[in-house]
Amino acid sequence: RIRGNAPAARADTVLLVGSEGGTTWGFAATLHAALTAAGHSVHVAPMAGFDPARHPQAARFIALAATYGDGAAPSSAKGFLDRLAQLDRAPAAPLAVLGFGDRGFPAYCAYAEAVAEAARARGWTQLLPLATVDRQSPQDFARWGRDLGQALGLPIELVHQPVLPRTETLRLLSRRDYGAEVQAPTVILRFARPRPTPWQRLTGQGLARYRAGDLLGILPKGSAVPRLYSLASGAGDGFVEIVVRKQPGGLCSGQLCDLAPGDSVAAFLRPNPGFRAPRGRSPLILIGAGTGIGPLAGFIRGNRRRPVHLFFGMRKEDSDFLYREDLAHWQEQGRLARLSTAQSRGPQPHYVQDALRRDAVEVAALIRQGAQVMVCGGRDMAAGVRAALAEILAPAGLTPALLKAQGRYAEDVF
Ligand SMILES: Cc1cc2nc3c(=O)[nH]c(=O)nc-3n(C[C@H](O)[C@H](O)[C@H](O)COP(=O)(O)OP(=O)(O)OC[C@H]3O[C@@H](n4cnc5c(N)ncnc54)[C@H](O)[C@@H]3O)c2cc1C
Ligand SMILES: Cc1cc2nc3c(=O)[nH]c(=O)nc-3n(C[C@H](O)[C@H](O)[C@H](O)COP(=O)(O)O)c2cc1C
C-alpha cells in the first residue's frame, strides 16, 4: 500500500509497477517516498491499467518491471504491451524502465527489455537507459537512483529496506536421504502442515492453500534473501514436502540437509500458477531429473483418473532413485500408468531425453491424443528435453513452442 499516493490526474511523475510476488511494489514505495520528499507529486499504479490520458500533468513515466518464466510479464503488467501498441502516439513525457530480475534465469530481465524495446519502437522518448536490479539488490537500486537524480537535477538517495515476506514456522516430520554415493546428496523433507488461522482459511493467505508445483520460500539463517523450492505436495495431502539437493557451499540447501525431525524452518508460500497439474482427463507426460521429480511426484500422488506417463532421470538406480517405493505403489493404485527411467552413471549413460527418444512412438501418439507435457529440473535437462521432443514431434508438424502456445507445455526450471 502506497501512503500519500498523489491523484492520477495531478501527478507530475507516474510510477508504473509490474510485479508478481509483490517485492517490486516495495521498491516503488521507496522511490515514491524519495521523489515526494523532493517535492514531486507522484502517482503509483499497476502497469496493467496503463492509460496516459489519465495523467495530463505527467512530466515523466517510470516503469518498474519484474520478469517471470522465459521473459513473461508479471501479473500486474498483463496487457501493458498491447495497450502501448494501441496508443495513437507515444506520450510526450519521457520514460525510464527499471527491470527487476534474477541473473540465475536465462531470460534475465527480459520483460523489462521488451518494454524498453517496445517504447523505443513507438518513438517514446527515453528519460534514462534501461537499467536492472538483480535479486532485489538495494545497491543496484541506489545506483540507478543516483542516475535518476542526475537526470532530474535532484540529489536522490534511495535507501531500500527489503520487506521480508511473512513467514510461518514449519516443523520437520521426516527425512529420506538419497544420492550420497553418486555425489548428489538429496533429501526428501516432509514438514507438518501448519494449522491455518481462521483468517488465513478465509483469505487463502499463508500456507492455508497450496498445490504441488507451487513454491515454498525458505529464509535461511544468516541471510535476508529467501530461496525457493518446488512443492511436492498439496494442502490436501496434509503435509508440506520438498526435495532438496545439497549444493556444495550452499547456505540454504546446507541448512535444510542438516535438519533432523523436530527441527523447524521459517517458510512462506509463493504461488506458481504457471506450473500446476492441468484439469481434465487428457494424458499427462511428466518429465524430470534429480530434484525435479518433486512437483511431478506431487501431481501423481494427487491423480485420480488420468493416464500419467513419467520420465525420470537419475544418476544411479541404487542411490538416487527418489520416490522409488512410492512410484511403485502409485502404479499399483493406477495413479501412474507408466514409468520410464534413465541412469546417467554406468557403462551406458542414459539421460531422460534418451528415454523419451526410446519411447518416441508412444510419446508422439499421446501428444496427438491431446497430452500435456510438464518438465521440471535443471536448465540443461530442460533444453535437452525440448530438443528431443522437437525431433519426436517434427513428423506430426508439431513443436514444443507450438504446444506451449496451446498451454500444453509447461516448464519449471532452476
Ligand atoms: C523456481 C525455483 C525452484 C527451485 N526448486 C528447487 C527444488 O525443488 N529443489 C532444490 O534443491 N533447489 C531448488 N531451487 C534452487 C534453490 O532455490 C537454491 O537456489 C539452491 O538450494 C541453492 O541455495 P543455497 O542457499 O544452498 O546456495 P547459495 O548459498 O545461494 O549458493 C548458490 C551456489 O553458489 C555457490 N556459492 C555460494 N557462496 C559462494 C561464494 N562466496 N563463492 C563462490 N561460490 C559460492 C554455492 O556453492 C552454491 O553452489 C529452485 C530455484 C528456483 C528459482
Ligand atoms: C517462478 C519465477 C520465475 C522467474 N523468472 C525470471 C526470469 O525469467 N528472468 C528474470 O530476470 N527473473 C526471473 N525471476 C525473478 C523475479 O523477476 C525477481 O525475483 C523479481 O525481483 C520479483 O519481483 P516481484 O516480487 O515484484 O514479482 C523469476 C522468479 C520466479 C519466482
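Visitor: At roughly what angle do the axes of helix 11 and helix 12 cross?

Guide: In this predicted model, the axes of helix 11 (residues 360–368) and helix 12 (residues 379–393) come within 10 Å and cross at roughly 80°. Axes are lines fitted to C-alpha atoms, for helices over the stretch in contact, with angles from 0 to 180 degrees between N-to-C directions. Residues are numbered from 1 along each chain as its sequence is written, and local features need pLDDT of at least 70.

Visitor: Why is helix 11 called roughly perpendicular to helix 12?

Guide: The term covers angles of 65 to 115 degrees. The axes cross at roughly 80°, and that makes helix 11 roughly perpendicular to helix 12.

Visitor: Which residues make the contact?

Guide: Contact means heavy atoms within 4.5 Å. Helix 11 contributes Ala360, Val363, Ala364 and Ile367, and helix 12 contributes Leu389, Ile392 and Leu393. These divide into 7 nonpolar, no polar and no charged, where nonpolar denotes Ala, Val, Leu, Ile, Met, Phe, Trp, Tyr, Cys and Pro.

Visitor: What makes strand 2 and strand 5 stand at the edges of the sheet?

Guide: The open sheet of 5 strands has the order 2-1-3-4-5, with parallel pairing. Strand 2 (42–46) and strand 5 (131–134) each have a single partner strand, so one side of each lacks a neighbour in the sheet.

Visitor: How do you know that strand 4 and strand 5 pair?

Guide: Two strands pair if DSSP finds at least two bridges between them. Strand 4 (residues 95–101) is joined to strand 5 by 4 bridges, and therefore the two strands pair. Gly101 has Asp134 of strand 5 as its bridge partner.

Terms used. Chains are lettered from A and ligands numbered from 1 in the order in which they are written. This is a predicted model: local features need pLDDT of at least 70, side-chain atom pairs count only at pLDDT 80 or more; totals for chains, interfaces and linings use all residues. Side-chain values use heavy atoms; hydrogens and water are left out. Angles under 35 degrees count as roughly parallel, over 145 as roughly antiparallel, 65 to 115 as roughly perpendicular and the rest as oblique.
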